[in-house]
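Me: I would like to go through this structure term by term. Please set each value against its cut-off.

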Amino acid sequence: MTKTNAGLVEYCRAQLGLPYWYGTFGQTASASLLASKKKQYPKYYTASDFSTQFGKRVHDCAGLPKGYLWSATPTSAPKYDAGTDWGATAFYQHCNKKGTIDTFDHVPGRLVFKGKPSKMTHVGVYVGDGKIIEAKGHKYGVVESKL
């Protein structure tokens, strides 16, 4: 299936309001996923509310575009692909078009980044009207924000 900018925006809109779990890309939250991620990334799994999120899809910031790439629909289970298992920096490095916020072309479905080209710290998806959808952090989940 061909992936498009419009499809990425649709996927991200379907994830709004869902939880943020570091190191995830659209899997369904469960006790076993929590145990695995807590072991892999202990400093990101200190909150006490993870079990209340079981049964929901979860993403981190780079997990939003990965979830889109690896899922047939906005609600289907993702199929892991090691060839595109990128964090924010690698996503930036694979972008065909790069620039600063001053040169941004405001095309929905473009990835937007925070950080330096050598170390991007965050990625979101531009959805139009000066807004992005981002997996902002555990306290916030997947939200729409101003660019």
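**Terms and values**

Reply: Helix 1 is followed by G17, which has a positive phi, near 85°. The model is predicted: local features need pLDDT of at least 70, side-chain atom pairs count only at pLDDT 80 or more, and totals for chains, interfaces and linings use all residues. Residues are numbered from 1 along each chain as its sequence is written, and side-chain values use heavy atoms, with hydrogens and water left out.

Me: What makes up the secondary structure of the protein?
Reply: The protein has 4 helices and 6 strands. Helices (H or I, at least four residues) and strands (E, at least two) are DSSP runs, numbered from the N terminus. The order from that end is α-β-α-β-α-α-β-β-β-β.

Me: Why is the protein called as compact as a globular protein of its length?
Reply: The globule rule is 2.2 Å times the number of residues to the power 0.38, and the radius of gyration is taken over C-alpha atoms. For 147 residues the rule gives 15 Å, and the radius of gyration of the protein is 15 Å, so the protein is as compact as a globular protein of that length. Its C-alpha atoms fill a box of roughly 45 × 30 × 30 Å along the principal axes.

Me: Why is K66 called buried?
Reply: Buried means under 20% relative accessible area, exposed over 50%, and partly exposed in between (1.4 Å probe, protein chains only). K66 has 9% relative accessibility, so K66 counts as buried. K66 sits in helix 3, residues 63–70. Buried residues make up 45% of the 147 residues.

Me: Which residues does K66 contact, leaving aside neighbours within four places in sequence?
Reply: They are F25, T84, D85, W86 and F91. Contact means heavy atoms within 4.5 Å.

Me: How do you know whether T52 is buried or exposed?
Reply: T52 has a relative accessible area of 58%, so T52 is exposed. T52 lies in the loop between helix 2 (31–40) and strand 2 (57–59).

Me: What lies 2.6 Å from a polar atom of the T52 side chain?
Reply: The backbone oxygen of D49 does. A polar contact is a pair of N or O atoms within 3.5 Å; within protein, one must be able to donate a hydrogen and the other to accept it, and residues adjacent in sequence count only if both atoms are side-chain atoms.

Me: Which residues of helix 1 are buried?
Reply: In helix 1 (residues 5–15), they are G7, L8, V9, Y11, C12 and Q15.
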